[in-house]
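User: I would like to go through this structure by asking what stands behind each label. Please set each value against its criterion.

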Amino acid sequence: MTLPIRVSPKSGMTVDRLSEYLGTPIVGDPRVGHRMVRDLVDDSRTVRPGDAYLAIPGSRWHGLDFEDEVAAAGAVLAISDRPSSALPTLIVDEPRKVVGPLASWFHDEPSRDLRVFGVTGTNGKTSTTHFIDAALTAAGESAGLISGARIRGPGYDLVPTRTTPEAPMLQRTLATFRRHGVTGCAMEVSSHAVDQHRVDGTAFRVMAFANLSDDHLDYHGSMETYFATKADMFTVERTQIAAISIDDDWGARLAAGTAPETWTCSALDATADVYATDIRCADTGTRFTAHTPYGTGDIRLQTLGPHQVANALLALTSVVADGVDVAAAAEGISSVTGVAGRCEPVRAGQSFVAIVDYMHNTAGQHALLPYLRSLACGRLILVVGATGGRDPGKRRPLGQVAAQYADVVIVTDESPEDEDPDAIRAEVLRGARHGDSAVVVEEPDRGAALTRAVSMARPDDIVVVTGRGSDTFRRYGPRTSFFDDRAELRRAIVESLDTQP
Ligand SMILES: CC(=O)N[C@H]1[C@@H](OP(=O)(O)OP(=O)(O)OC[C@H]2O[C@@H](n3ccc(=O)[nH]c3=O)[C@H](O)[C@@H]2O)O[C@H](CO)[C@@H](O)[C@@H]1O[C@H](C)C(=O)N[C@@H](C)C(=O)N[C@H](CCC(=O)O)C(=O)O
Ligand SMILES: Nc1ncnc2c1ncn2[C@@H]1O[C@H](COP(=O)(O)OP(=O)(O)OP(=O)(O)O)[C@@H](O)[C@H]1O
């Protein structure tokens, strides 16, 4: 169900009230003070008549670069760090820091009226939020989900462009959820979002930590800074409860130093508050028994891969720490049939296994590839690449680890963005050719790469397409086009079956 999103500011929201809240006078025509403000917007391309435009200085643009088009679109006001020549302005020192609390106040603090379950960490956020969403639903709650794959709930269903929305959209979404009676909301919290203050002003009931591994170092600079950004979410000012997976060293370190009430979980360590025993991983899913201080639950994951045990335990810990019944939560988590683009099988009548997965760092490769290999007795044919505009340091290791596990590695393009696709591929290839252990093929065109992988596959082989998951847009410089790995893999399989004698 997709409904139009209605804005729900505090009643009687005027420019004067915004000025009073921010403690700063109107620069420019003071007669604008009585004008009603429809919504807060931080992107010129989405401004509608009556909006207040948050003009943020960024690394590429200053929001005021768009002041004329924003004024022409009917904005009543700019909020920025300097006066606009096109609109009356409220001046604040650091607009980015103001946006979160302001948007929350504007919508009457929606996060305080529903329990928000945040999930942060390098890998597993999307899966964990889906599990929390299902656990809350099974416990009889009306649940909302804010994930990078989908934002959905009563009154909302859309595929977002960000893992964590910008603050105006986030608070608008939470306010819509509240209006539709949502009682609990699972939400991904990316490190970029924390650093850019997108979640400031959001009160979390539980904040969950999944894991930390080499990723986004182009942005954060070092693992210590990356960790510190995540750790910033685990303070009493941000969250009432911390749920922390201690299966990696960063989680154990975080758990040792957090101030809020802390619950630990582990797939390996029975001294954790919530832990797993009797883990049995199969080609149809994974079963295990979860032990919590409030009793045990049998979990039968339908989502593929042993890594999902950690994600499911973290979800269980998050909701049980907040008082949700263990049996209901276990039933909900077990009911999730799959998460789009995460270990998603593609079945079109072929004689080999075909999987699409969003793995885009070496931690994901090490966690999944041994399992995926075990799903077939034949060869592992792996399609790998790297996205442009981010983390060049990941590219060579991605190729190297791919070749460590696979028999055939097909290196292709993902979404080069503004970079030279040949240069990205060259780095991945350098890694893949490092060990001499796999057959390495270069095929720039992603559709052709998938066709090639399928044409090589024999019965008992497995074809794994990595890197894009459920992302459906790719960009080559100014050209953006639709490309869905799952649909393209299916197409390649069907074509290969059609041409069989
Ligand atoms: C590196 C990064 O995170 N950059 C974010 C940052 O960009 P920036 O500081 O360069 O801002 P900018 O592009 O100069 O724009 C400045 C201001 O002008 C506004 N603007 C810009 C253009 C325009 O036409 N009109 C307009 O109003 C922008 O909305 C912004 O408020 O602030 C912008 C909004 O203020 C974000 O859109 C932008 O996200 C970019 C597009 C991005 O790709 N971010 C990714 C890396 C990201 O955030 N990813 C995480 C998930 C990571 C993961 O776990 O995989 C996420 O939460 O999605
Ligand atoms: N617990 C885990 N440990 C290691 N790898 C994992 C784990 N969970 C998921 N992965 C890998 O990470 C990929 C992305 O998973 P998911 O989308 O759930 O995580 P995410 O944190 O939301 O990722 P992103 O922020 O990049 O969207 C999966 O396709 C899988 O390859």
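Analyst: Domain bounds here come from an automatic or database domain assignment. The model is a predicted one. The assignment for this protein gives domain 1 (15–106), domain 2 (110–334) and domain 3 (344–498).

User: How far apart are the centres of domain 2 and domain 3, and what makes up their contact?

Analyst: Their C-alpha centres are 28 Å apart. Domain 2 puts 14 residues into the contact and domain 3 puts in 14 residues. On the side of domain 2 that touches domain 3, four residues are nonpolar, six polar and four charged.

User: Why is ligand 2 said to lie between two domains?

Analyst: Residues of the shell around ligand 2 come from both domain 2 (110–334) and domain 3 (344–498), so the ligand lies between them.

User: What makes a residue part of that shell, and which ones come nearest?

Analyst: The criterion is a C-beta atom, placed from the backbone, within 6 Å of the molecule. There are 23 residues around ligand 2, and G124, K125, T126, M359 and G364 come nearest. By class, the shell has seven nonpolar, 12 polar and four charged residues. Gly counts as polar in this scheme.

User: Which helices supply the shell around ligand 2, and which gives the largest share?

Analyst: At least two residues each come from α4 (125–138), α10 (307–321) and α12 (362–374). The largest share, four residues, is that of α12.

User: How do you know that the length of α12 agrees with its residue count?

Analyst: The expected span is 1.5 Å times one less than the number of residues. For the 13 residues of α12 that gives 18 Å, and the end C-alpha atoms are 18 Å apart, so the two agree.

User: Where does α12 bend, and by how much?

Analyst: The bend is about 35° and sits at L368. A proline, P370, follows within four residues.

User: Which residues of α12 are buried, and what do they pack against?

Analyst: T362, A363, G364, Q365, A367, L368, L369 and L372 are the buried ones. They pack against α10, β18 (353–357), β19 (380–384), α13 (395–405) and β22 (462–466). In α13, the buried residues are R395, L398, G399, Q400, V401, A402 and A403. The cover over these α13 residues includes α12, β19, β20 (408–411), α14 (421–432) and β21 (439–442).

User: Why is N211 called buried?

Analyst: The label needs 20 or more other C-beta atoms within 10 Å. N211 has 22, so N211 is buried. This residue lies in the loop between β11 (204–209) and α7 (217–220). Apart from neighbours within four places in sequence, N211 is in contact with G121, T122, N123, G124, S245, D248 and G251. N211 and N311 are 100 residues apart in sequence, with 9.8 Å between their C-alpha atoms.

User: Is A256 buried or exposed, and what makes it so?

Analyst: Exposed means 12 or fewer such neighbours. A256 has 11 C-beta neighbours inside 10 Å, so A256 counts as exposed. A256 belongs to helix α9 (residues 249–257). From A256 to R112 the separation is 144 residues in sequence and 27 Å in space, C-alpha to C-alpha.

Technical notes:
Residues numbered from 1 in each chain as written. Chains lettered and ligands numbered in written order. Predicted model: local features only at pLDDT ≥ 70, side-chain atom pairs only at ≥ 80, totals over all residues. Contact = placed C-beta atoms within 7 Å. Bend = angle between axes of the 7 residues up to and from the residue.
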